[in-house]
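I open these notebook entries to record what I looked up in one structure. Each entry below covers a single topic.

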Amino acid sequence: MGIYHLGWAGHEDLWKPFGRQTDHTDWLALYERLRKLLSAYGVESSEEELGQFSVDDEDNGLPRLRLVIHDIEFLTLPLVVDIQTLLKDRYADWYVVVRLILPSPDKVPADGIVINADEIVEHWDRDQLKKKFGERLKM
């Protein structure tokens, strides 16, 4: 991600990335490791079937991966801890953005959490989720 500055008289066009840019090889390695980890917990969505999760396959140069959860019971504390452990192994400055995109009647705002190697940042309304899902919410 960045800004493309169009040149003007006497100046050439210039691309200025913002933030730390990542190497695609690193992104791809983490992407595959994350998918493998998640597959040990459940079923990945495919074109034919809605599974419990999907991982966005867009590498935009930022040190992040995006995970979509389609089944509230799939998102557990052990899963989050395993993702953190994965990040601690060579990817400590990366993060995983987790969004809830649940089928009806479980639909909730797509807010979620950000998983870093050393912290979890919540962007959802935990009280609303507890009220809606009760024991089904494992986080």
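Predicted model: local features only at pLDDT ≥ 70, side-chain atom pairs only at ≥ 80, totals over all residues.

I then looked up how β6 and strand β7 (residues 120-122) pair, and found the antiparallel sense over 3 bridges. Within this pairing, V114 stands opposite V121 in β7.

I next turned to the other partner of β6. Strand β5 (residues 95-100) pairs with β6 in the antiparallel sense, over 5 bridges. Here I noted that Y95 stands opposite N116 in β6.

I followed β5 to strand β4 (residues 64-69). These two run parallel and are joined by 6 bridges. In this pairing R64 stands opposite Y95 in β5.

I then looked up the whole sheet. It is open, contains 5 strands in the order β3-β4-β5-β6-β7, and its pairing is mixed. The edges are taken by β3 (53-55) and β7; each has a single partner strand, so one side of each has no neighbour in the sheet. From one strand to the next, the twist averages 20°.

I also checked what lies across the sheet. Helix α2 (residues 77-88) lies across β4, β5, β6 and β7, and runs at about 40° to β6.

My last entry asks: how many of the 5 residues of strand β6 (residues 112-116) are buried? I found that 5 of the 5 are buried, where buried means under 20% relative accessible area. Strand β6 is therefore largely enclosed by the rest of the structure.

Definitions and conventions. Residues numbered from 1 in each chain as written. Heavy atoms only, no water. Buried < 20%, exposed > 50% of the residue type's maximum accessible area, 1.4 Å probe, protein only. Helix = DSSP H or I, 4+ residues; strand = E, 2+ residues; numbered from the N terminus. Pairing = 2+ DSSP bridges. Axes fitted to C-alpha atoms, helices over the stretch in contact; angles between N-to-C directions. Contact = heavy atoms within 4.5 Å.
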